[in-house]
Amino acid sequence: MTWLVESTMPHLIVAPVLLAMVSAAVMLLMGEGRRTLKVVIGLTSALLGLSISCVLLAWTHQHGVVAYLPGNWPPPFEIELALDGLSALMLVLTWTLGTAAVLFASARWHRAGVHFHPLMQLQLMGLSGAFLTADVFNLFVFFEILLAASYGLLLHGSGKARVQASVRYVAVNLTGSSLFLVGAAIIYGVTGTLNMAELSARLSGSSVANRHLIDAGAAILAVAFLLKAGAWPLNFWLSPAYASATPPAAAMFAILTKVGVYALIRLSTLMLAVGPVAGFGADVLLGFGIVTALLAALGTLGSQSASVQASWVVVVSAGTLLSALGLRDEKVLGSSLFYLVPSTIGCSLLFLLLDIIQRWRAGTTVVDEAPYLNAALESQDINLDEEGEPLFTMPFPASTAALALAFLACTLLLAGLPPLPTFIGKAAMLSAAMGSLVAHSNGDGRVWLFSAALLASGLLVLVSLMRTGIRIFWAEAERDRPRIRASEGVPLLALLGLTGALVVAAGPALSLANAAARSLFERRPYIEAVLGARPRPSPSPMGGQR
Amino acid sequence: MEAVLALAIGVLTGSGVWLLLRPRTFQLVLGSSLLSYAVNLFIFSIGGLAVDKEAILVDGIPADLNHYTDPLPQALVLTAIVIGFAMTALLLVIILASRGMTGTDHVDGIEP
């Protein structure tokens, strides 16, 4: 195992992108139908990608930042990929959710429309690429790949609500992409580079000409990222879109807002860290993060539909992370990276759970508006029946109680209560923020605002999800036991088990996240790895002559 | 020439934003197209405007930006054009589907 990793290592970085791309292409060539085979391919790819991501995380924890030259050109000219703690962490999270979503969709939802599995692979490809790239324009390209896949996934299942939500989702994201391009173009115009490490090195120079243009470029870029992250007031497209998406797609969308957060982390720690532009926009980020988290928490309180509530919870999580980033403190950022993982998993879990709950409450007839998801249109070779064949449903006696317990765990997870890992994450963030208060010993109002918003948004989410839970599980008429298929139960249990594992291994996981944050704030390892990467000599006799 | 280009970008952006804020889906498509034209022109101009200069190295002319136009924005704009075009096509399809399902071309799906 070790020698395998050692021998493939610089190339293994690009593997998550290629793996997803190849499996999507293969599934597209297979055409419509043959869904069992597609599930097998999709699941194999997702599990393989998950193991590769775990290997990459272990590797980068041990060896530090590694850069990869896909085109084998020397650094300033190459469009590079770079792997550091943060990108490895995001990769593991992406592929975990991808595996769960593919497995969950195989129960029922992949039959609601065409090409679910290829779209999911393309989504994973775009996400992996966005987390790995070390070039601003390449980041734009991967953003577009993941957005294009998400448009397809949002439309999956069709129906009026989804199409209506898609119109806004696509329009808003097209505008966001335009802003991204304008910001990237301004930054290129001033600095003459789009490589993140070189940008970082150039912007940290003591005197930067055209300081105001850089500020404008960074601000426009940040607006584009804030839009993707779902920051107030640019987040009203989010809840109709996420609430109307099919549940496995929505479970995957839970990480899309985190891509915006990820890009903002890169922007703040690499490009706006030292020199004349240091700390640019940190207070704005903090303010918008706090307002986003609080208003989204009010959104959960005010929404009647549980799916809408779940989509506001996604925004609460993103707002919390944005405000933590706005404090520009290494320890706070480290703890927030730890918080990111279970909180994203919790959002996905909630979307998946609500699917089972809604099907149970609706009885045997499914009321959701997915015109192609009915028994008459299903192909004959699939023996998953809508009425629930005994082979595929799990008729265990306490299934109602299990569902209720899972919902309870989800509520505690999203509100950040003990004993779940989000509590540990929030406690670590608070303690780090208070620690920075003591260290600087000047009564800093920003820390108090941050802490108050963190606690208040948790409380609001707790109240609203409890209310939903009471409405679903306690105020009930006579109803059959919920039927949960094995392919639905397994991903739910796996995600829950993962959060449990994060509690047990909270110490190592937290130190991993802190190490990632430390390397972000040091900057030097990233810059040296990216700019110091050397192309391999060509095997041909003409090698080395250019 | 700079002023003309700046004016063109400004007019395109202004019209694009105005159309984006209009309630009909067709205006939305036109608005996002105009906006993407403006962005493409902007990227194209960001390397500096140069008249009668090539982007590809020629023998005998020193290889610096005084003698050539910056090739990178041209490469970037090509990518941006392709992506913008594809996304606009997708938006058109979604809008047609929305028109078919709701029977109206209002962005909210209902006549106000």
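Start by selecting A:Leu353. Setting aside neighbours within four places in sequence, A:Leu353 is in contact with A:Ala406, A:Phe407, A:Cys410 and A:Leu492 (in contact: C-beta atoms, placed from the backbone, within 7 Å).

Quick housekeeping: this is a predicted model, where local features need pLDDT of at least 70, side-chain atom pairs count only at pLDDT 80 or more, and totals for chains, interfaces and linings use all residues. Residues are numbered from 1 along each chain as its sequence is written, while chains are lettered from A and ligands numbered from 1 in the order in which they are written.

A residue is buried if 20 or more other C-beta atoms lie within 10 Å of its own, exposed if 12 or fewer, and partly exposed in between. (Helices are DSSP runs of H or I, at least four residues; strands are E runs of at least two; both are numbered from the N terminus.)

Is A:Arg328 buried or exposed? It's buried, with 22 other C-beta atoms within 10 Å.

Compare A:Asn72, in the loop between β1 (66-68) and β2 (81-83) of chain A. A:Asn72 also has a positive phi, near 60 degrees, but this residue is exposed, with 12 other C-beta atoms within 10 Å.

Next, show α9 (residues 211-229) and α12 (residues 256-271) of chain A: their axes come within 6 Å and cross at roughly 155 degrees. That makes α9(A) roughly antiparallel to α12(A) (the term is for angles over 145 degrees, taken between N-to-C directions, from 0 to 180, of lines fitted to C-alpha atoms over the stretch in contact).

Follow the chain to A:Pro233, in the loop between α9 and α10 (238-244) of chain A. A cis peptide bond joins A:Trp232 to A:Pro233, with omega about 0 degrees.

Last stop: the chain boundary, where 25 residues of chain B are in contact with 21 residues of chain A. Highlight α3(B), which gives the most to chain B's side, with 13 residues.

Methods. Contact = placed C-beta atoms within 7 Å. Parallel < 35°, antiparallel > 145°, perpendicular 65-115°, else oblique.
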